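Open the model in your viewer and keep the sequence panel beside it. This tour moves from one selection to the next and says what is there.

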Amino acid sequence: MSQLPKKHRSDTKMVPVPSHSIVPERDVNEIPVLETRHLGIEFGGLKAVDDFNLTIGKTEIAGLIGPNGAGKTTVFNMLTKVYEPTTGAVLINGKDLHGMSIVQASKLGIARTFQNIRLFDKMTVEENVRIGLHNQIKYDMFSGIFRLPRYWKQERKQHEKAMELLDIFGMQDLADEEAGSLPYGAQRRLEIVRALATDPKLLLLDEPAAGMNPKETEELMENIAKIRDQFQIAILLIEHDMSLVMGVCEGICVLNFGKVIAKGTADEIQANPVVIEAYLGKKKEG
Amino acid sequence: MTKAKRKRLIYNLITFALVIAAFIILQSMIANKMISRSLKGQLVPICAWIVMAVSLNLVIGFSGELSLGHAGFMSVGAYTGAIISGWLLQVYEVQDTTLRLVLAMVAGGLIAGIAGVLIGIPVLRLRGDYLAIVTLAFGEIIRSLVNVLYVGVADGKLHFSFLNKNMPAGVSMLVDGAKGAVKIKPVATFTAGFVLILITLVVVLNLVNSRAGRAIQATRDNRIAAESMGVPVTKYKMMAFVTAAVLAGMAGALYGLNSSTVIPTQFTFNQSINVLVFVVLGGLGNVLGSVVSATLLTVLPEVLRAFADYRMLVYAIVLILVMVFTNNPTIRAFADRLFAPVKAIFRRSKKKTAGGDAQ
Amino acid sequence: MIFLDNLINGLSLGSIYAIIALGYTMVYGIAKMLNFAHGDIIMVGAYVAFCGLQYWGLPPVAAILVAMAVCTVLGILIEGLAYRPLRQAASLAVLITAIGMSYLLQNLALMIWGANPKSFPRTFINSFSIQLGQLNVSSATIVTILANIVIMVALSLFINQTKVGKAMRCVSEDRGAAELMGINVNRTISLTFAIGSALAAIAGVLLCSSYPILQPTTGSMPGIKAFTAAVFGGIGSIPGAMIGGVLLGVIEIFGKAYISTELGDAIVFAVLIVVLLVKPTGLLGKPIREKV
């Protein structure tokens, strides 16, 4: 972990907030984009996630790491209301998600990518992004069927916006390709573009670098920072590639067996003996 | 215009051009008496089956839900159409057959649409195989219900009764239980069928290539992802389901008003399967394919009498083969390799015509 | 008295549904597919038994055994030829294939045996009746109910006690893991189809002993209703199929007796819809969580 490229190391000053978390100093006076309180879920009596508390600042890039099966994706599923938490609360921009549907959570400004890519395979790349724009650039069914002026106007807007978003990853040339036929790395990038199209306040990335080669990962890292700077949103990412996590994340939360075992900056996490033990196992005495 | 859009436009234009050309050719053939009587009798049913196939394709091909009760909506439309037409004639003495037909078709679509909403609310909460079986159940329920429905006109009023024939004296029956809708004055015309096909194509093709249509297809490709992007999945599945029901109802009214009686057994589960065969053979999500296969599979058994006995057998085998061939990765790869040379030739010629456009 | 009479008839019809539902529920539990053609295997079984009794002069037990053998082979063939190539395909494609298979069987039967209904011969199953007080119970009813109980017990023992049965449960829980543990998944699924189809043959004979009209579509309605029963009880659950089948049979007979004969089928399907809406996993089904 120590021979990481230094240039990406975040030098953000992190400050503690009352909810036992840290946020970047620049966000400390803003309402946190995400706050979870004692979040937990049980599957048939088994606590998959327990007492999960995390606060993310308005423009923070945060990381959620942990060994396989620690419950990271389960956390994402609770944040996006795919799963209903058994205990605790999720607040997005101070609003409680309790009782909301996946769609309502999306409308509040939470968007995600998926660990196992979930694109609309049979639709084109542009159409995938347009689905992300579903609640941003609207017109009703009848305008669509009867090709009313509103249809043409909004369709043009959708097209322009979709192209603008695809440009982030230089994917404009691929706009007419079928999403399912894209190479793996491009599919992962398209998922990010599609999520961005929903105009989120908080973007959740589930293993965005999985299956990417080091060069692609390097580019992704720069793009994640670029997205944050350009859109001024918060990003929470799950990732096993430590060079990416340590390179781009300001605050990092470590999960093991459904419980938070450490929170801190990249340097703090790397020096934390509990984290090292969780990843490498306990050293046998003698 | 983008490449994908241009391709879609060409596809839509071909679809419309084909339908319009077929209509013009058939009309001139009718005018010159070049058409056999049996084929002429098939024209309206063909129109109805095309509409049935295209509308079912909206549900199966675009919204990705297997509906096995589509004939139920057709039956609702056929009965409604027969009742409305008979009522207009007997109570209001509307002699204009076109007006009666149009009003009957509108009413058929409306009532079938209402049935679609009522059925869709429970059905669309379910998924996959369960949804399919419940649409089947609803289709059968509709069939059972019309089997015990009695409607008649007496004293200038419509009388409805259910389970037993409880009618005032001197009633003129419109729907007579298991005997079905009786004494219909056939008012359906080929032109009306043609217009209905055009309406169906406009609705389905425009819907599919719009915001709502993309939402419908997104729910098909990945439900959870669609919801996560803020697309209310059930709403759009409902939209596809009810639109299809309305179109099926209109087709039903057209079909019903083409003959003198409509009986409940005309709209069984088998009929739903027939339409499913049209859709699968034409290609899921392929509207033009549905039009072509519905036409051919309705005409062929009439033309090839010998084939008619084996029609269902052949359908069954073809259904299985198409599914296995298009869905098994090994067989598909094999077929791709088999057709690779043909495709290569095709691609080369396309590149030549496209000039510098090729990458 | 009429009430008791209806109840016994309902139990008898329900027992037939239960035996058919077993085939659906086992296949759904293990192959995760709705074998729409299952109802038509019942019809084939009944026709084979009919031929055995009518044309080949077989004793009833031998005719039933031949029917079971034919259906077993048929089940394995259908699975191997049509369903196995689609193991990885979307459920929509599998269901359409199964519908195609159902049509294929019906139309083959139509070619072989013709459209005219055949009257199923009398056997020991439906040759006598017992007078219980004022109640006249036909032997077919008794045999059907007894057969249902025997099958249910035997199948439960088989699934829970034998090695093969355990392999089946294993494949049902997690196909991938079962494969890694060295279980031959394809063979297990074949076996499931074999057992389900053999039971369908028995159901076919029992059905035609109580309702002796045999035609190519004989199996389709009982098949759909038995699937309803399997869903009612909780698909994948063997006791669920039993309870669902019996309940559905009773509901159908009572519905026909007290509400309307014509609406009997509609009532059965309405029950299915209500059950799926109130408890989508059926009476004894386990909830399934979609993995994201």
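Start in chain C. Select strand β2 (residues 129-132) and strand β3(C): 4 bridges join them, and they run antiparallel. Strands here are DSSP runs of E with at least two residues, helices are runs of H or I with at least four, and both are numbered from the N terminus. Two strands pair if DSSP finds at least two bridges between them.

A word on the ground rules. This is a predicted model, in which local features need pLDDT of at least 70 and side-chain atom pairs count only at pLDDT 80 or more, while totals for chains, interfaces and linings use all residues. Residues are numbered from 1 along each chain as its sequence is written, and chains are lettered from A and ligands numbered from 1 in the order in which they are written.

**Stop 1: the hairpin in chain C**

Stay on β2(C) and β3(C). Their hairpin has 2 residues between the strands, and G133(C) takes a positive phi near 65° there. Now pick out the pairs across the strands. Q131(C) stands opposite N136(C) in β3(C). I130(C) has V137(C) as its bridge partner.

Click on V137(C), which lies in strand β3 (residues 135-138) of chain C.

Which residues does V137(C) touch, beyond its neighbours within four places in sequence? Show I8(C), S129(C), I130(C), L132(C) and I142(C). Contact means that the C-beta atoms of two residues, placed from the backbone, lie within 7 Å. Then look for T72(C): it is 65 residues from V137(C) in sequence and 32 Å away in space, C-alpha to C-alpha.

**Stop 2: where chain B meets chain C**

Show chains B and C together. 36 residues of chain B are in contact with 34 residues of chain C. On the chain B side, colour α5 (128-147), α10 (269-282), α13 (311-327) and α14 (329-354); each supplies at least two residues. Which helix gives the largest share? α5(B) does, with 13 residues.

Now colour this side of chain B by residue type. It divides into 27 nonpolar, 6 polar and 3 charged residues. Nonpolar covers Ala, Val, Leu, Ile, Met, Phe, Trp, Tyr, Cys and Pro; charged covers Asp, Glu, Lys and Arg; the others, Gly among them, are polar.

**Stop 3: a helix in chain B**

Hide chain C and select α3 (residues 70-91) of chain B. Its 22 residues should span 32 Å at 1.5 Å a residue, and its end C-alpha atoms are 31 Å apart, which agrees. The expected span is 1.5 Å times one less than the number of residues. Of those 22 residues, 18 are buried, so α3(B) is largely enclosed by the rest of the structure. Step just past α3(B) to E93(B), which takes a positive phi of about 50°.

Zoom out to the whole of chain B. It has 14 helices and 3 strands. Its radius of gyration is 22 Å, close to the 21 Å that the globule rule gives for 359 residues, so chain B is as compact as a globular protein of that length. The radius is taken over C-alpha atoms, and the rule is 2.2 Å times the number of residues to the power 0.38. Buried residues make up 49% of chain B.

**Stop 4: the sheet in chain A**

Go to chain A, with 10 helices and 12 strands. Select its open sheet of 6 strands, in the order β8-β9-β10-β5-β11-β12, with mixed pairing. β8 (110-112) and β12 (259-264) stand at the edges with a single partner strand each, so one side of each is left without a neighbour in the sheet.

Finish on β5 (residues 61-65) and β11 (residues 251-256) of chain A. They run parallel, joined by 4 bridges. Here L64(A) stands opposite C253(A) in β11(A).

Definitions and conventions
Buried ≥ 20, exposed ≤ 12 C-beta atoms within 10 Å, placed from the backbone.
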